[in-house]
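The stops below go from the whole chain to single residues.

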Amino acid sequence: MKLGLQEKIIGSILLVSMVVSIVLSIVFYNNSVEVIENNYVSSVTDNLTVCAGMFDDVMKDTYYTAVNAASDPDIQHMVREYDSEVRAQLLEQLDSYRSGYIESVYCYLPEKRVILKATPSETVEQECSETDMQWLEDVARGQENPLSPKYHTDQTELLKKQSFTYTKPIYDEAGESVGYIMANADERDIFFGCLQGYGNFSDGRSYIATPDGRVASSTNLKSLGEQAPEAEGDVLITTVTAPLSRYTLVTVSDRSVITGHIVETRNQIFALALLFNLMACIPILILVRRMMRPVKNLEEVMVQVGQGDLAVRAQIYSEDEIGRLSQGFNDMIQQVEDLIDELVTQKLLKKEAEIEALKYQITPHFMYNTLNSIKYAAILQNSAEIAEQLEAFIELLQLSASDRGAFITVRQEIHMVRNYVKLQMFRYANSFTVQFDVCPDIEGCYIPGLLIQPLVENAILHGIDLKRSDGLITVRVLRDENELAIKVEDNGRGMTAEELTRLMNGERKSKFSGIGVHNVRERLQLYYGKLGKLAFYSRENHGTSAVITMPISYDAEEYTI
């Protein structure tokens with residue numbers, strides 16, 4: 001279905017309005033989402049920062065507990081002199097260091113292959129198996145960062161649990177380590193005290209990660225000790241690293257939960273935009289119809305003009321672009337009407353001219369018949385030379401006055417030049433000679449008529465010395481690739497630069513037919529433009545050369561105007 005201009009304008013306005021509404025809604029929606037997410041991240045970051053501070057405080061207490069216990073002189077003495085008599089005192093001293101989040105304190109004695117444990121449920125000495133010894137040695141080595149706790153699964157307990165442990169050695173008088181103090185903070189206590197017990201993380205999943213990326217504390221007990229999972233789906237991740245322990249607190253939140261209510265607002269905006277655009281159709285339709293009234297009027301006038309009514313004119317409603325268009329159309333119709341009147345007048349004048357031409361058409365035929373009669377009379381009187389001259393003149397007159405067209409073949413042009421030369425040689429008593437050098441394969445090329453004759457005429461009248469009998473004129477027609485070159489040269493007296501300028505400006509014409517050198521140059525430019533050229537080369541007492549170059553053509557209509 002083809003739409004009119006009115007429907008296209010209405011559709012375009014509604015389309016632009018809808019696009020603007022949608023773009024604005026999207027921009028506002030994206031800005032709102034960005035603000036909400038930034039506020040959410042800022043809030044969660046603040047909570048995580050507080051939790052990270054609490055976590056570091058707990059780790060700091062645990063660290064100082066391990067340091068103080070390992071530096072305690074009583075513990076050092078009892079470790080060095082450890083036997084069954086000091087066992088109870090050592091366990092009691094270890095138990096005295098438990099407080100707050102410090103869930104247990106261990107004293108590992110590698111030489112005795114025992115570990116003394118002070119826990120909330122008991123204080124006990126426990127013999128170590130090979131597995132326990134290997135695990136304890138690994139924990140005793142500690143971390144690269146001494147302030148970062150060792151996160152591990154306690155292998156000495158029947159019920160396996162995760163702990164944050166700081167280990168400090170106990171030295172003898174010789175500086176050799178004879179035992180290790182291990183201060184432990186239970187993962188569950190840390191989780192409930194630092195992560196879940198403080199802050200609002202209801203919109204996301206939170207966990208504590210070790211410096212090497214393992215989950216150290218989380219709601220999901222199965223993930224403890226495992227590598228932290230990569231985020232999946234459209235989520236927002238917030239992280240804060242504890243400055244002392246270098247553990248990272250992470251919250252993973254679903255964006256849909258954070259910005260869900262904004263999506264509803266966006267949909268409401270889209271619905272309102274659609275409703276407003278539908279309501280705007282009525283005023284838009286009224287305005288467009290008023291705007292289209294001058295266009296409709298112009299269309300009706302154009303239809304009437306197309307049916308031949310040139311008297312009708314478009315009504316001008318305003319001075320805007322449509323008004324100027326209507327005025328221009330009226331002016332154009334007026335000009336068309338004037339041109340038609342002028343064309344009719346010219347057509348009548350042309351017919352009158354044709355009638356007059358028919359009346360005088362008999363005159364050339366009368367001249368040809370009269371000249372032929374004189375020629376036959378000369379033959380009867382045995383004047384062959386006069387008859388030959390008359391025959392050459394008749395052919396020259398017939399060729400120059402014929403209606404063969406603007407272009408003739410090289411062969412026809414050379415034939416006409418030969419007849420012209422016969423007449424001039426008879427006139428000047430054979431005081432000069434003309435030689436022709438024409439390539440046979442270009443005799444069928446088409447050139448403008450009467451192109452070579454004016455140059456030969458100029459050479460006879462203004463080139464050679466007619467008082468002498470050694471005058472020589474050479475006419476050459478050659479082909480140079482896609483160009484045709486015509487050269488007329490004489491061995492006459494030559495011309496000065498001033499005479500050459502006058503000749504090219506048309507101030508020095510042939511007396512034969514009024515078709516001079518200037519005419520030749522003008523016709524070359526008219527037919528061939530810049531491809532047709534006429535040039536003269538001359539020096540005083542060294543003769544003159546006229547050279548014509550033009551495109552070669554075997555079609556008489558190719559360059560016809």
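How many helices and strands does the secondary structure of the protein come to? The answer is 15 helices and 17 strands, where helices (H or I, at least four residues) and strands (E, at least two) are DSSP runs numbered from the N terminus. This is a predicted model, in which local features need pLDDT of at least 70 and side-chain atom pairs count only at pLDDT 80 or more, while totals for chains, interfaces and linings use all residues. Residues are numbered from 1 along each chain as its sequence is written, and side-chain values use heavy atoms, with hydrogens and water left out.

**Whole protein**

Show everything first. Of the 561 residues in the protein, 40% are buried (under 20% relative accessible area; exposed is over 50%, partly exposed in between; 1.4 Å probe, protein chains only). The protein exposes about 32,600 Å², and carbon and sulfur atoms supply 53% of that area (Shrake-Rupley method with a 1.4 Å probe).

**The five-stranded sheet**

Select strands E12, E14, E15, E17 and E16. They form an open sheet in the order E12-E14-E15-E17-E16, with mixed pairing (two strands pair if DSSP finds at least two bridges between them). At the edges are E12 (432-438) and E16 (533-538), each of which pairs on one side only. From one strand to the next the twist averages 15 degrees (axes are lines fitted to C-alpha atoms, for helices over the stretch in contact, and angles run from 0 to 180 degrees between N-to-C directions).

Now go through the pairs:

- E12 and E14 (residues 471-480) run parallel and are joined by seven bridges; Thr433 stands opposite Leu472 in E14.
- E14 and E15 run antiparallel, with eight bridges; Val475 stands opposite Val488 in E15.
- E15 and E17 run antiparallel, also joined by eight bridges; Leu484 stands opposite Met550 in E17.

Zoom in on the hairpin of E14 and E15. Two residues lie between the strands, and Glu481 takes a positive phi near 55 degrees.

**Helices on the sheet**

H12 lies across E12, E14 and E15 (483-490), running at about 170 degrees to E12.

**The largest pocket**

Which residues are the closest to the centre of the largest pocket? Select Arg205, Tyr207, Pro229, Glu230 and Val252, which belong to a lining of 14 residues (lining residues have an atom within 4 Å of a point). Strands E7 (204-209), E8 (215-218) and E10 (248-254) each supply at least two lining residues. E7 gives the most, with three.

Is Asn277 buried or exposed? Select Asn277 in helix H7 (residues 260-279); its relative accessible area is 6%, so Asn277 is buried. Leaving aside neighbours within four places in sequence, Asn277 is in contact with Leu14, Ser17, Met18 and Ser21 (contact means heavy atoms within 4.5 Å).

Last, select Pro149, in the loop between helix H4 (130-140) and strand E4 (150-153). Pro149 is buried, with a relative accessible area of 0%.

Conventions: On a 1 Å grid over the protein atoms alone, a cavity is a set of points where a 1.4 Å probe fits but cannot get out, and a pocket is an open set with protein on both sides within 12 Å along at least five of seven lines; lining residues have an atom within 4 Å of a point.
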